[in-house]
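The explanation starts with a pocket and then turns to pairs of helices.

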Amino acid sequence: VLSSIYVSSYLVRGSASRLLRRSMQLRAVALALGLAAFPANPLAPEILLLIAVMMAAGDTAGQLSANERLFRLATGPSVIAFQSRFVVRNVLAYGLGLLTASGVMLIGGYVAFAILFAAAGSVRYVGSRITEVSPLDQVGGTTQAVELPLPGA
């Protein structure tokens with residue numbers, strides 16, 4: 001709830017692209033931290049709780065900023081087309097991730113845990129690096145929507 005309040009307040013004036021990038025970086029750091037939660041570590045339960053909080057905050061920021069970014073970039077009927085493509089791509093990526101994770105979990109134990117955290121963190125880090133952002137974080141500035149052509153038009 002706190003991250004939703006912060007993110008919503010930030011998005012009133014801030015860059016949705018920069019927040020999306022930061023959300024991926026936060027989740028990448030959380031997942032890298034997860035490698036320290038090996039079974040012999042007496043702090044493993046606390047580390048896992050911290051990771052859960054960081055991942056939830058990052059996910060909230062990522063979802064809100066991705067949708068805000070979409071709505072700032074498109075207006076009119078193109079919003080529906082772009083939102084549809086966005087949802088389809090997310091569902092396909094999520095499904096592929098679940099299938100891959102299911103296969104990795106067959107390994108079992110901390111090794112599977114480490115592989116999943118390292119892979120998920122790496123994907124989020126790469127995603128944060130390739131996310132395009134505006135040259136300046138225009139807090140206090142205005143954002144103009146542009147009419148984008150419909151797919152196939």
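Which element gives the most residues to the lining of the largest pocket? In this predicted model, that element is α4, with 13 residues. The largest pocket holds about 1,700 Å³ of space. It is lined by 35 residues, and those closest to its centre are Arg27, Asn90, Ala93, Val123 and Arg124. Two or more lining residues come from each of α2, α3 (44–73), α4 (78–105) and α5. By kind, the lining of the largest pocket comprises 23 nonpolar, six polar and six charged residues.

The next topic is how the helices are set against one another. Two packed helices are described by the angle between their axes and the distance between the axes.

Helix α2 covers residues 16–34 and helix α5 covers residues 109–130; the two pack at an angle of about 160°, with their axes 8 Å apart. An angle over 145 degrees counts as roughly antiparallel, so α2 is roughly antiparallel to α5. The crossing in which α2 passes α5 is left-handed. On the α2 side, the residues in contact are Arg21, Met24, Gln25, Arg27, Ala28, Leu31 and Gly34. They meet Phe113, Phe117, Ala120, Gly121, Arg124, Tyr125, Gly127, Ser128 and Arg129 in α5. Sorted by kind, the residues of this contact of α2 with α5 are seven nonpolar, five polar and four charged. Two residues of this contact, Arg27 of α2 and Arg124 of α5, are also among the residues closest to the centre of the largest pocket.

Helix α2 also packs against helix α1, which covers residues 2–11. The axes of α1 and α2 come within 10 Å and cross at roughly 150°. These two helices are therefore roughly antiparallel to each other, and their crossing is right-handed. Val7, Tyr10 and Leu11 of α1 make the contact with Ala16, Arg18, Leu19 and Arg22 of α2. Five of the residues in the contact of α1 with α2 are nonpolar and two are charged, with no polar ones.

The last pair is α3 and α4. Their axes come within 10 Å and cross at roughly 150°, and α3 and α4 are therefore roughly antiparallel to each other. Which hand does the crossing of α3 and α4 have, left or right? The crossing of α3 and α4 is right-handed. From α3, the contact takes in Ala66, Asn67, Leu70 and Phe71, while α4 supplies Val79, Phe82, Gln83 and Phe86. The contact of α3 with α4 has six nonpolar and two polar residues, and no charged ones. Both α3 and α4 are also among the elements that give two or more residues to the lining of the largest pocket.

How values were computed:
Residues are numbered from 1 along each chain as its sequence is written. This is a predicted model: local features need pLDDT of at least 70, side-chain atom pairs count only at pLDDT 80 or more; totals for chains, interfaces and linings use all residues. Side-chain values use heavy atoms; hydrogens and water are left out. Axes are lines fitted to C-alpha atoms, for helices over the stretch in contact, and angles run from 0 to 180 degrees between N-to-C directions. Helices (H or I, at least four residues) and strands (E, at least two) are DSSP runs, numbered from the N terminus. Angles under 35 degrees count as roughly parallel, over 145 as roughly antiparallel, 65 to 115 as roughly perpendicular and the rest as oblique. A crossing is left-handed if the near helix is turned anticlockwise from the far one by less than a right angle, and right-handed if clockwise. Contact means heavy atoms within 4.5 Å. Ala, Val, Leu, Ile, Met, Phe, Trp, Tyr, Cys and Pro count as nonpolar, Asp, Glu, Lys and Arg as charged, and the others, Gly among them, as polar. On a 1 Å grid over the protein atoms alone, a cavity is a set of points where a 1.4 Å probe fits but cannot get out, and a pocket is an open set with protein on both sides within 12 Å along at least five of seven lines; lining residues have an atom within 4 Å of a point. Grid points are joined across faces, edges and corners, and a volume is the space filled by probe spheres set on the points.
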